[in-house]
Structures are given as structure tokens and as C-alpha cells.
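Reader: I am new to this structure. Please pick one part and take me through it closely.

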Amino acid sequence: MGDVLQATAQGLGPRAAAVWAGIPEALLDQWLAHDAAFASAVRAAAALASAHGTEPGGRRTPAMIRVVILAMSRGASWSSAADTAGISGSGLRQLWRASPVLVALVDAARHGRSRGAGSSVPLTRRLRKPGRASPAAGYRLVRRDAP
């Protein structure tokens with residue numbers, strides 16, 4: 001909940017705040033519906049952001065860029081990551097062309113996401129299934145009795 005408040009105070013909308021906090025948007029909606037104190041705190045954080053000129057859909061902030069990177073690292077497409085962050089697709093492309101650092105971050109986010117179950121664990125570290133032969137490129141301990 002604290003991460004959602006932090007994201008909201010930085011001018012992010014509910015979808016972007018959920019990405020920032022690493023929670024499903026449905027869970028955030030549930031929190032807002034069932035916890036009046038939390039909903040009030042989120043409204044206060046949004047008012048704080050608005051008072052500082054960083055409301056959703058306003059000027060682009062580093063928090064929006066972070067949401068784009070997080071969304072893309074979790075598998076979102078270019079346009080859906082931009083929509084989640086509250087940036088237009090053309091606005092994100094404009095930032096992309098102007099910043100080689102952003103290009104590197106987005107490329108790292110795209111290539112850093114996992115490609116499937118167990119893909120990030122090296123083959124030598126994976127647990128073997130019972131009944132399977134051990135890999136040939138390993139060591140085998142042998143006990144030799146003295147003659």
C-alpha cells in the first residue's frame with residue numbers, strides 16, 4: 001500500500017501505481033473499495049501531486065519512465081506500457097529518440113524478462129528428475145579401496 005501511495009504522490013494514475021507497486025490492478029481496486037482510510041490517503045496523495053503539477057496526463061516525469069520500464073520488463077508491449085504510464089505512444093517515441101539512456105533501459109527491460117519456466121536457471125543448477133542420467137560434463141566421486 002505504501003508503494004501505491006508513493007507512486008500516486010509522484011503523479012501516477014491507478015494503473016501505473018499498480019505497476020509501480022508490483023500488484024495486480026484488481027487488487028488495488030479492491031483495496032480502494034474496501035479500505036476507506038487507504039482510499040482517503042490515495043486521494044490526498046493525488047491532491048499533493050496535482051498541487052505540484054504532476055497529475056496523470058500532465059508533464060512527463062521520471063516516475064512515468066520507470067513505469068514504462070517495469071511494464072516492458074513484465075512483458076507489456078510498447079503501446080500498452082506507454083498507456084499504463086500515461087504517456088502517448090508518440091510522446092514515448094519522442095523520448096526514445098532523444099535519450100540513448102532510455103533506449104538502453106528499454107532494451108535491457110525487454111531482454112531481461114524471463115522467457116518461460118526455468119529459463120533463468122542455468123542447466124547445471126537445475127534439479128534433475130529422478131531416473132535421468134547425470135550430465136556428462138560433470139564430476140563423479142569414486143571411492144577406491146586400498147588393495
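Author: Start with a cut-off. A residue is buried when its relative accessible area is under 20%, exposed when it is over 50%, and partly exposed in between. Keep that scale in mind. The model is predicted.

First, the setting. The chain holds eight helices and zero strands. From the N terminus on, the order of elements is α-α-α-α-α-α-α-α. The chain has 147 residues, and 27% of them count as buried. Take the contacts between residues at least 6 apart in sequence: 55% of these join residues at least 24 apart.

Now the pocket. How much space lies in the second largest pocket? About 150 Å³. Which residues line the second largest pocket? They are Arg15, Ala18, Val19, Gly22, Ile23, Pro24, Glu25, Ala71, Arg74 and Thr84. Five residues of this lining are nonpolar, two are polar and three are charged. Helix α2, residues 14-21, gives the most to the lining, with three residues.

Take two charged residues of the lining. Glu25 and Arg15 form a salt bridge, with 3.9 Å between the closest N and O atoms. The structure holds one salt bridge. This pair links distant parts of the chain. Glu25 sits in helix α3, residues 25-34, and Arg15 in helix α2. The two are 10 residues apart.

Is Glu25 buried or partly exposed? Its relative accessibility is 36%, so Glu25 counts as partly exposed. Arg15 reaches 39%, so Arg15 counts as partly exposed too. Both residues line the pocket.

Next comes Ala18, also in the lining. Ala18 is found in helix α2. Its relative accessible area is 2%, so Ala18 is buried. What does Ala18 touch, not counting residues up to four places away in sequence? Its partners are Ile23, Pro24, Glu25 and Leu28.

Leave aside neighbours within four places in sequence: Thr84 is then in contact with Arg15, Ala16, Val19 and Val67.

The largest nonpolar core has 30 residues. Val4, Leu12, Val67, Val68, Met72, Ile87 and Leu92 touch the most other members. Elements that give two or more residues to this core are α1 (2-9), α2, α4 (36-51), α5 (62-73), α6 (78-85) and α8 (100-112). Helix α5 gives the most, with nine residues. In soluble globular proteins, nonpolar side chains tend to be buried together.

Val4 is placed in helix α1. Its relative accessible area is 1%, so Val4 is buried. Beyond its neighbours within four places in sequence, Val4 is in contact with Ala17, Ala21, Ile23, Leu28, Trp31, Phe38 and Val42. Val4 and Pro14 are 10 residues apart in sequence, with 8.1 Å from C-alpha to C-alpha.

Thr8 is in helix α1 as well. At 7% relative accessibility, Thr8 counts as buried. Its contacts, leaving aside neighbours within four places, are Ala17, Val42, Ala45, Ala46 and Ala49. Ala17 and Val42 are also contacts of Val4.

Finish on helix α2 with Trp20. Trp20 has 10% relative accessibility, so Trp20 counts as buried. What does Trp20 touch, residues up to four places away not counted? The list runs Asp3, Gln6, Ala7, Gln10, Leu12, Ala63, Arg66, Val67 and Leu70. Val67 is in contact with Thr84 too. Trp20 and Leu70 are 50 residues apart in sequence, yet their C-alpha atoms are 7.3 Å apart in space.

Technical notes:
Residues numbered from 1 in each chain as written. Predicted model: local features only at pLDDT ≥ 70, side-chain atom pairs only at ≥ 80, totals over all residues. Heavy atoms only, no water. 1 Å grid on protein atoms, 1.4 Å probe; cavity = no way out; pocket = protein on both sides within 12 Å on 5 of 7 lines; lining within 4 Å. Points joined across faces, edges and corners; volume = space filled by probe spheres on them. Helix = DSSP H or I, 4+ residues; strand = E, 2+ residues; numbered from the N terminus. Nonpolar A, V, L, I, M, F, W, Y, C, P; charged D, E, K, R; others polar. Core = buried A, V, L, I, M, F, W, Y, C linked by side-chain atoms within 4.5 Å. Buried < 20%, exposed > 50% of the residue type's maximum accessible area, 1.4 Å probe, protein only. Salt bridge = Lys/Arg side-chain N within 4 Å of Asp/Glu carboxyl O. Contact = heavy atoms within 4.5 Å.
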